[in-house]
Amino acid sequence: MLRVPPRRVLQAHGRYTRWQVCKRVHQPLNRRGLASVTDLNQYPRPGENIHGFTLKRTKHVPELQLTALHLEHDRTGAEYLHIARDDKNNVFSVGFKTNPPDDTGVPHILEHTTLCGSQKYPVRDPFFKMLPRSLSNFMNAFTSSDHTTYPFATTNQQDFKNLMSVYLDATLHPLLNENDFTQEGWRIGPENPRAVADGQADSSRGSQLVFKGVVYNEMKGQMSDASYLYWIRFQDHIFPDINNSGGDPQKMTDLTYKNLKDFHSRNYHPSNARLFTYGDMPLADHLEEVGRQLDQFDKIQADKAIKTPIDLKDGPLYYSIKGPRDPLVDKDMQYKTSTSWLMGDTSNILETFSLGVMSSLLTDGYGSPLYQALIESGLGPDWSPNTGFDSGGKIGIFSIGLNGVKETDVAKVKETIHQKLQEVHQKGFERGKVDGILHQLELALKHKTANFGMGLMQRIQPGWFNGVDPFDALAWNDIVTAFKQRFAEKDYLEDLFEKYLLNDRTLTFTMEPSDTYGEDLNAGEASRLAAKISEVTERLGGEAEAQKQLAARELELLKEQEKASTEDLSCLPTVHVKDIPRQMERKVIRDSAIGDVKVQWREASTNGLTYFRAINTLAGLPTELRMLIPLFTDSIMRLGTKNKTMEELEDLIKLKTGGISASYHASPSPMDMNVSNEGFSISGYALDSNVPAMYELLRIIIQETDFDDPVAESKIRQLLLADASGALDAVAGSGHSYARRYAEAELTHHGLVNEQIGGLTQVQQTGDLANRTPVEGLADVIVKLKAIQRFAISSSSSFRAALTCGQESVSINEAALQRFLSELPSSTTIPKSESLTTTNVYSPRTFFPLPYQVSYSALALPTVSYIHPSGAPLQVVSQLLTHKHLHHEIREKGGAYGGGAYSRGLSGLFGYYSYRDPNPQNTMEIMQGAGRWARDKEWTDRDLEEAKLSIFQGVDAPESVSQEGMTRFLSGIDEDMEQTKREQLLDVKKEDVREVAQQYLVEGIKNARIAVLGERKEWVKEDEWAIKNIELSKPSEYAGASDLSAGDLGST
């Protein structure tokens, strides 16, 4: 998997800001008696040796409840960092420094190919084969810009040993077969080799030669994301010494099999490795296994070169590239531009932390100075993808920029940035805003999460590969204390500001729109393809011979892929269903009531924090109001009130809470999938002493947000423009999710509202509203937003709350909640729509033409409610189809980046999907026949065992304390229901699988709905597909004339 940056870097405080604390667990007796794994007395002393490793140093970090041990492998020099912590969710990672030599994506393709078979495990794709043979809650591999890592997390000790063995053998002793390189990397072959093999191919389908490959198609999809395209091209210019590790499809076809093998031999060596373990399992056991693997190697001189950005001392520098137009954004607002500065060496931990704080002060929140100067002023609706402080490399980079800029404003963006930075420097930074950031860090430290170890690994490793001492990165209290001391000195941040930002040693990077960008890419690909085919033609002496050989090679690969579905996997280790407890671990939940409001309590150790969540059920909510709830929740966090600006409210939120939020909530009934409830949800967490302040802030932003302010409409327009400018990229990043939502929309009421709130219908409405002219205005929308405000929360029987806190704070929490409820209206009225036809028209087969180089597809059909006994075998079938059939057909043979089946137990929907798929037409046929395949397959006991293990990876995944009891509160599934489902899953038999496959997947296929997103091709015919365009100026079903009267909406 390619590791890419988040689309926005709005809170880029550096790598030390989101520490999270995980649950302490009781430890068994060890050699020094009953002691915590963090007790340094139970470990060797620095300089001592254990299993071929020398312990170099140790560090106890009490504020993070951990002990760090840094070791070095004597024979190879491999570095090893172990984090001992009383946490049962243990983590392993092996990583290598992989500076990419070019843009062919060799680190990325190697990451995929190493997992396709190894000396000890010589089966095809042991990584994917291990997914259903494990109880891990995380398994993956990541290609970053200059390093590659292979992490997993599990609570099961045998599982940990199994996966560590597979990961180490895969990375150090991969087979690297040429067929695996062509499958995962790139090749040329007929578009549909199965049709060719069956003699059914013709010129329009099947026989046409195309570039293929899993990573090739993954990166074609990645490059369809304009935000990623901007970010990677920016990296190319500011960091020319680091090539595109993920791979540029325009260059990937230059990579040879020999290049791949040579890159592995140079880089995947223990001398170039960083190993990381975390948790409560014995370090000695880890070292014994790792040492045995590493001892097979001798030390080499590895390429550990730490690359640095371009020298900007002679700046300013200006670069411009071309990119695609966004059909959801105004044609005159299509530019992306940013200005960047180089900061200090990131190994200076205090300065890096301080620069992160400074970045947050400049850009975080609607009240931040750069937001007000750039976005609120109307220069652009949203930050550019590289905005913020990037401290992941040797030298930090600070960037500020905008999306959606007019051509005439491009130069003005940089001018405005410089002007505002000068103003900020002269004014200085307010102590209260810095205190708010530090308070957020304090709460993040107290917040108990289930994935602390994985998060810690992901934060440490980038710096570790680039010269940052991981022990320095762990010294949390030392860093914060040092920062507070320096900040107390006069002008500390202002001096850093002057040192790095008050100059024009900058790089300004702009992406301008091209009307022919997509066509130029296609033409370039066609030209490269023709050149490659010409090479084969010249070598073989004729075009017919070339076609024949390329087709034959594809069929040979197809045969190898067919063998993989039936190969002997006995060499692979596994855990067993018998390792899964039949009885679930129950949490003590109790209920109370305050007036008409039902309250759920979970009393647990929370480090002095209280977690609050509430839902106000909204029965009979009209579609046009439902569709505006996402805009309402954005607006109340943007507009401010008559008495407080949003900047003042943001400062209070940071000083008094760990965050508050509001959102739409919908959940099907576990008793009946065709019944669902929806409502308005609010949540937040705070120190116990600040709970009253948290409640008051929630009340203020919901009830007192001033929609009548003269600038309210312009601020709402900015929100819409920001959402519209990123919508197409969001779809490109998870197109299969949007396809699934649309396919499910007509099957149940929950599917419908889920799509309206978070699907393509919502995307279209956002674009429509953002595209309104100033003359059209948003007055009608604001009337509806005010109507939502009046019924959003109340202290009536429709309102329910859930609290998670320590026993010691129950009484003060109850009193605070009672005061909060007393200030809410006792009842509210939801306007009723006069229209009976408020839903979109969803067709059985819908195609969305979008400017992507690959496609996303989904097929969904209805099954049964949560409590129905068929639900368990349907979940098993989804895992069997994913791992035994669809992965082979859609990914390995079809070349899509991903594909599988799913069963939504609560919503009662079953479906199939593909992700970054070059051949959705073929995929649709596979999906439609999957039910018959599952019915007719002779399943083995081992097959069922693996399917159940896959399911329980999620069922028994560690849970953060803030989430305990939330399944019951949010969906109505109590622990008795969960226990019944657990037993049903464990007891599924082969005949159950066949029965549900026949009844729901074969017979039920007539009720299926299909959605495909991507480039429209010849096979998408209007008499077979409903064609829906996502673009500007399309009349919205929900944003125009209202079915609600002025009286209904409360207008005067």
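Visitor: Is cysteine 116 buried or exposed, and what is its relative accessibility?
Guide: Keep in mind that this is a predicted model. Buried means under 20% relative accessible area. Cysteine 116 counts as buried because its relative accessibility is 2%.

Visitor: How many disulfides does the structure hold?
Guide: A disulfide needs two cysteine sulfurs within 2.5 Å. The closest cysteine sulfur to that of cysteine 116 is in cysteine 571, 14 Å away, so the pair is too far apart for a bond. Cysteine 571 is in no disulfide either, and the count for the structure is zero.

Visitor: Which residue's backbone oxygen lies 2.6 Å from a polar side-chain atom of threonine 606?
Guide: Threonine 606 sits in the loop between strand 19 (597-603) and strand 20 (609-617). It's a buried residue, at 2% relative accessible area, and it touches residues including Lys446, Tyr611 and Val961. The backbone oxygen at 2.6 Å belongs to leucine 609.

Visitor: Over to strand 3: which residue in strand 4 is the bridge partner of leucine 71?
Guide: Strand 3 (residues 66-73) has seven of its eight residues buried. Seven bridges join strand 3 to strand 4 (residues 79-85), and the two run antiparallel. For leucine 71, the partner in strand 4 is tyrosine 80.

Note on methods. Residues numbered from 1 in each chain as written. Predicted model: local features only at pLDDT ≥ 70, side-chain atom pairs only at ≥ 80, totals over all residues. Heavy atoms only, no water. Buried < 20%, exposed > 50% of the residue type's maximum accessible area, 1.4 Å probe, protein only. Helix = DSSP H or I, 4+ residues; strand = E, 2+ residues; numbered from the N terminus. Polar contact = N/O pair within 3.5 Å; in protein donor to acceptor, adjacent residues only side chain to side chain. Contact = heavy atoms within 4.5 Å. Pairing = 2+ DSSP bridges. Lists of a residue's contacts leave out its neighbours within four places in sequence.
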